[in-house]
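Opening my notebook on this one. I'll jot down what I look up as I go.

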Amino acid sequence: MACHHKNSHHKLDLEDSSKKLVLVGNPNVGKSIFFNYLTGIYVAVSNYPGTTLDITKGRYQDFTVLDTPGVYGVSSFNDEEIVARDVIMAADIVVNVVDAVHLERDLFLTQQIIDMGIPVIIALNMMDEAEKNGLSIDIDRLSSELGVPVIPTTAVSGKGLSELKASLNRARVGESIFEKHNGLTEKLAKMNEETASTRDALLILEGDPHLADRYRLKPMNFREEIYRIRRKRVDQIIDNVVSDLNDGKGVKATLSRMMVNPVTGVPLLLITLYILYQLIGVFIAQTVVGLTEEVFFLEIYEPFIRSLVSRVIPAASFTSKLLIGEFGILTMAVTYVFGLLLPLVIGFYFFLSILEDSGYMPRIAALVDRTLTSLGLNGRAIIPMLLGFGCVTMATITTRLLGSKRERIIAIFLLGLAIPCSAQLGVIVGLISPLGLKYFMIYVFVLVLVYVLSGTFLNKVLPGKSTDLLIDLPPLRIPRFGNVLNKTRIKSFAFIKEAGPIFVLGAVIITVLQETGILIYIQELVAPITIGWLRLPPEVATAFVMGIIRRDFGAAGLNSLAMTPSQTTVALITITLFVPCIAAMMIMVKERNWKEATAIWFGSWFTAFIVGGLVALFI
């Protein structure tokens, strides 16, 4: 029986007496497939750091199997590494999944685990990719150099998995770098006397403050020396075991270089975004949603549910209006979630999963690094920014991966201000696409301008500077259709679970506001802004109220209003820049604090109305 364990405070439930088999590896090396093979649980694979923070546990024979977040080293620099460190420290056996294509990168982590004195067996994965890239690896020599078993695998096709399972009892402690460096050996032995644990002693020597504090010791400052020796050792191993048969002249290597070269990379990125627009903005937003929302839900479902409910509940009653009224739970909420938003969300996650599984996403990060640096960020910020087009709440959580506090503040503000989530974006595209290219370009231009000016302003006024981009480029590969569909299904289902209850709550709140007259009062209160400044119908105030509950809920509220193309464009720009939804606001408070979150919230509010009014003056 396997289960999922939430790990929000880096304290793992590892008190059972069973032996611990821990899967460890860099990001995107395929650990989840090995976990599934050993335990029978499927774990969604994602190229985005931050999506596997929860530790997944399962059983295999007498082992408790634990899957760790992808990390580049055992340390405590960020949340992933703290979580991975705690699990690795409890391991009886480590199955280290290594990417054969990036052996030089991955073996640094391998050597660190070996230095900790933990029994290791290596799954040398993606051997098919290595062969396609012209790499020849001497498996026996690699095993001899490291002092641990090495099993070649191609996990996606199942090759080598049974051999790995049969070889688990061969895991052993490998060749430590300390065996050939007397000075380091003495330091480690001395620290071992203080801790009675080689694992703890090594990490304290490397400067881990958390472990040092646990023993009431001062963290040592030998990290640079140890890392230098470890890197030299890995380089020697690579020289001895790896041969490059085509020296990076393959088609994939050429395409990879084109993706990160601005001259060719920018056109490729623009083509990708154009395809995204055609798929989601044209085909799904107009053709598919036209069928699901207008035909199925508005023409078939809503008349049916109104007729059904009216048989048992008087049409004029409050309960009837709550269930099947203009903003009813069973009418508007259901139609918006399943008829309007779900097809768009499915389309977005399908496209995003293709970008993830193909290895293109990190190349986008490398491509836009210089541009984002001018906004006080680096290329890694493209990850939460692109995630923001899926869900701003989720993207806000991943900003913790950025290198400094100022970067996180800038990223969170820009996410809340100028990045529409997938559900909101779907509604926006559905509304603006019929208006023609002119209004679409105005919308995009204004948002990009606000994004750039806001980021530049924050970069100037906040102290410090952006950190450098350190990111590895996984091999390009053709996405596996089954995996793409599975990830799309999982994320779309998660959207329904999250959005459904909030839409129900929103329907209740809006109905109550409407029935009590508060909605009209709010409309009158903000009339000087909506009518006088934004030049919009007074009913737009309802959409703003709905937008506080949920951003896409607000955008969807514009759907039934009769407006000119200019008014629609102004309304969409304003609703996009408007305050983040309550869920995103709560995450902002969690990730930052009430003071910073409130400043971001009101800053978005102020910016939205100022920009919306200025646009209304000129179009």
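Is W601 buried or exposed, going by its relative accessible area? I looked it up in this model, which is a predicted one. W601 has a relative accessible area of 17%, and the cut-off for buried is under 20%, so W601 counts as buried.

**Entry: rings around W601**

Next I checked the neighbour at W605. W601 and W605 both sit in helix α28, 4 residues apart, or about one turn of the helix. W605 comes out as partly exposed, at 27% relative accessible area. I then looked at the ring geometry of this pair. The ring centres of W601 and W605 are 5.6 Å apart and the planes stand at 90°, so I log the pair as edge-to-face.

W605 has another partner, F578. I get an edge-to-face pair here too, with 5.4 Å centre to centre and 70° between the planes. F578 belongs to the loop between α26 (565-577) and α27 (582-591), while W605 is in α28, so this pair ties together parts 27 residues apart in sequence.

My count of aromatic pairs comes to 9.

**Entry: α28 against α26**

I wanted to see how α28 packs. α26 and α28 pack at an angle of about 165°, with the axes 8 Å apart. Angles over 145 degrees count as roughly antiparallel, and α26 and α28 are therefore roughly antiparallel to each other. Their crossing is right-handed.

I noted the residues that meet. From α26 there are V570, I573, T574 and L577; from α28 there are S604, T607, A608, F609, V611, G612, V615 and A616. Sorted by class, the contact of α26 with α28 has 8 nonpolar, 4 polar and no charged residues.

**Entry: α28 against α18**

What angle do α18 and α28 make? I found that α18 (residues 405-418) and α28 (residues 594-618) pack at about 40°, with their axes 10 Å apart. That makes α18 oblique to α28. α18 passes α28 in a right-handed crossing.

On the α18 side I listed K405, I409, I412, F413, G416 and L417, and on the α28 side E596, I600, G603, S604 and T607. By class, this contact has 5 nonpolar, 4 polar and 2 charged residues.

**Entry: A597**

I also clicked on A597, which is in helix α28. A597 is buried, at 0% relative accessibility. Leaving aside neighbours within four places in sequence, I find A597 in contact with M585, M588 and V589. I checked one C-alpha distance as well: A597 and I409 are 188 residues apart along the chain, and their C-alpha atoms are separated by 9.2 Å.

**Entry: E206**

Where is E206? I located E206 in the loop between α8 (198-205) and α9 (209-214). E206 is buried, with a relative accessible area of 3%. Not counting residues up to four places away in sequence, I have E206 touching V74, Q112, M220, R223, I226, Y227 and R230.

**Entry: positive phi**

Most residues other than glycine have a negative phi, so I flagged the exceptions. R216 has a positive phi of about 60° although it is not a glycine. R216 lies in the loop between α9 and α10 (223-241), and at 81% relative accessibility R216 counts as exposed.

R535 also has a positive phi, near 60°. I placed R535 in the loop between α23 (527-533) and α24 (540-549), and R535 is partly exposed at 45% relative accessible area.

**Entry: whole chain**

I count 28 helices and 9 strands in the chain. Of the 619 residues, 56% count as buried. Among contacts between residues at least 6 apart in sequence, 76% join residues at least 24 apart.

Methods: Residues numbered from 1 in each chain as written. Predicted model: local features only at pLDDT ≥ 70, side-chain atom pairs only at ≥ 80, totals over all residues. Heavy atoms only, no water. Axes fitted to C-alpha atoms, helices over the stretch in contact; angles between N-to-C directions. Helix = DSSP H or I, 4+ residues; strand = E, 2+ residues; numbered from the N terminus. Parallel < 35°, antiparallel > 145°, perpendicular 65-115°, else oblique. Left-handed = near helix turned anticlockwise from the far one by under 90°. Contact = heavy atoms within 4.5 Å. Nonpolar A, V, L, I, M, F, W, Y, C, P; charged D, E, K, R; others polar. Phe/Tyr/Trp six-rings, centres within 6.5 Å; stacked < 30°, edge-to-face > 60°. Buried < 20%, exposed > 50% of the residue type's maximum accessible area, 1.4 Å probe, protein only.
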